[in-house]
Structures are given as C-alpha cells and as structure tokens.
Amino acid sequence: MQPTLFIANWKMQKSVTQSVEFCSAHFESLKVLSADTAIDLVICPSFPALLILNEMLADTMVHIGAQHCSPHESGAYTGQVSAESLKEAGCTYSIVGHSEQRMYNGVTDQDVANAANHLCQNKIEPIICIGETKQEFENNTAFSVLEKQLDPVLSILKNTNQPITIAYEPVWAIGTGTVPENDYLTTVFKHISALLTKVHSGPWRIVYGGSVSEETIAAFKNIPALSGFLIGGASLDFKKFEKIVSLGK
Ligand code: PGA
C-alpha cells in the first residue's frame, strides 16, 4: 500500500521563530509520526525557515517542502527563489501554482509548468496545485479549467519520469470550511487520473486540499485515486494536524 501523503502548507502564518518553536516543541512526536510507514509527512514553511527546519528535522522522516518555486532557472529575477536553491536548502518537495500565487502574484499556467520542470530536474517532487474558482464551479466549467491548467505541465514533463503530485484544490474550498461532495471529488479525480495516465510516464499522486480538518477528513474516505491531503489552517496546530493524520491515513 502506498503511504498517504500529508502536506502542511504553513503559508505566511508562522515566522521563522514560530516555525522553529513548533518543531522543537513537537520534535519527538514528529519523529514518531513520520516513522509510520503508512504516511509521508511534508512540512512547507516560509523560505527563510527551510534550511533551519531541514537541519532540525534531519533525524526524523519529515520532508521539507517549499511553498513556491521560480519558473526561471537563474538570473536577474529579484525576489525569486530557484529550484537549485531549494535543493540546497534541503527541500524534497515544493508546492507550485498555489491559487494564492496565481491570484496575488500573477503566476500563470506556463510559469507553473516551467517551475515544475526545474524542480523535476533538481529531483524535487513538485506539488502542482490546480483548481477551479467558485464561479467556474457554478458554471460547470471546472473540467476545462483543470485541463487548461494541466496542459502546459504535462507537455513540459512529457519526457521526464520524475514523480509528481497534483494537488486538486478548488479555490472555493480553501479556508472556507466548505468541502466538495464526495461524488464530485470522485468524478474530478477520475478525470485527472485519466489525463495523467495518458501522458505522464513517471509515478504520480493526486492529493486533495481545501478546508481539510478533523471535522471534514472523514468525508474523503473511499475516494479512488486519492493519495493524500494538502492542509493549510489546520496544520498550524500540531494537535489538530496529528489528529487529521491519524484519521486520514
Ligand atoms: P486550508 O488551505 O486547509 O486552510 O483551506 C489549504 C491550502 O490553501 O493549501
């Protein structure tokens, strides 16, 4: 059985000091939790905390991931962080194309594809976020939106056999407490799986993100092709995160 992937997306919610405090206060529990072969645990703090958390958690099985990666390889791109730097900071995963990056920083589908490509070349597993807005959901255009978002990613990664993770995060479910119906998720996952099976030659996983919590996690059981969860708000509190992991694995 493949382990269930639990990705904590801390966004800009914890400072470096708070990130270090979290890992030191829960070090032993993180060590035990991450040693469970039924799960893969990834923590994505903000950029300046990557290196220090990687060093702190070196004796555990916790993976460190970034929240974003530049679509460029290197060069005069003030404020951006390359896949190569993420590699050197100890990242084995990186989120790309999160809807907040698409919305606030103008990240395009092609940027996401380019970033995913650089990550794969650096042997970092990209966690590629896709998802429709509330309006697109209501207009029944979700599938074409997802295809449009995935298209450049799958064409650039055509010749790589590196592992990738697709995070389906409907924008209307992020931070709202609302989660999609089980049937809807099953259909969406089937659709994404079909696209991936057809095109991607390496291993792939699909995770769900958007208001995953102790209360909602049970609803995601029995969805075919669901390999894990991308968790925002509820990952900031260790007890809540631990509960989600134990209920969702
Ligand atoms: P949420 O965020 O769990 O707080 O809804 C998920 C995400 O944005 O990745």
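In the predicted model, S46 is found in the loop that runs between strand 2 (39-44) and helix 3 (50-56). The relative accessibility of S46 is 17%, and because the limit for burial is under 20%, S46 counts as buried. When neighbours within four places in sequence are left aside, the contacts of S46 are K11, K14 and Q67. The C-alpha atoms of S46 and M12 are separated by 6.3 Å, although these two residues are 34 residues apart along the chain.

K11, one of the contacts of S46, belongs to the loop between strand 1 and helix 1 (16-25). The phi angle of K11 is near 50°, a positive value in a residue other than glycine. Most residues other than glycine have a negative phi. A positive phi, near 60°, is also found at N140, which lies in the loop between helix 7 (134-138) and helix 8 (142-156). With a relative accessible area of 72%, N140 is exposed, whereas S46 is buried.

Q67, another contact of S46, is among the residues that lie nearest the centre of the largest pocket, together with F47, H68, Q101 and N105. The lining of this pocket comprises 27 residues, and the space within the pocket amounts to about 600 Å³. Two or more lining residues are given by each of strand 4 (93-96), helix 5 (99-105) and helix 6 (109-121). Helix 5 provides the largest share, with four residues. Sorted by class, the lining of the largest pocket contains 14 nonpolar, ten polar and three charged residues.

Strand 4, one of the elements that contribute to the pocket lining, is covered on both faces. Y93 and I95 are buried on one side of strand 4, and S94 and V96 are buried on the other. Strand 4 runs parallel to strand 3 (residues 63-66), to which it is joined by two bridges. Within strand 4, S94 stands opposite A66.

Parallel pairing also involves strand 8 (residues 226-231). Four bridges connect strand 8 with strand 1 (residues 4-9) in the parallel sense, and four bridges join strand 8 to strand 7 (residues 204-209), again in parallel. G228 of strand 8 stands opposite L5 and also opposite V207. Strand 8 is mostly covered, with five of its six residues buried.

In soluble globular proteins, nonpolar side chains tend to be buried together. The largest nonpolar core in the model has 65 residues, and those with the most contacts inside it are F6, L30, L41, I128, Y168, I192 and Y208. Helix 9 (residues 182-199) supplies the largest share of this core, seven residues.

The surroundings of I128, one of the residues with the most contacts inside the largest core, were then considered. Leaving aside neighbours within four places in sequence, I128 is in contact with V96, V112, A116, V153, L157, I164, T165, I166 and A167.

Key: Residues are numbered from 1 along each chain as its sequence is written. This is a predicted model: local features need pLDDT of at least 70, side-chain atom pairs count only at pLDDT 80 or more; totals for chains, interfaces and linings use all residues. Side-chain values use heavy atoms; hydrogens and water are left out. On a 1 Å grid over the protein atoms alone, a cavity is a set of points where a 1.4 Å probe fits but cannot get out, and a pocket is an open set with protein on both sides within 12 Å along at least five of seven lines; lining residues have an atom within 4 Å of a point. Grid points are joined across faces, edges and corners, and a volume is the space filled by probe spheres set on the points. Ala, Val, Leu, Ile, Met, Phe, Trp, Tyr, Cys and Pro count as nonpolar, Asp, Glu, Lys and Arg as charged, and the others, Gly among them, as polar. A nonpolar core is a set of buried Ala, Val, Leu, Ile, Met, Phe, Trp, Tyr and Cys residues joined through side-chain atoms within 4.5 Å. Buried means under 20% relative accessible area, exposed over 50%, partly exposed in between (1.4 Å probe, protein chains only). Contact means heavy atoms within 4.5 Å. Two strands pair if DSSP finds at least two bridges between them.
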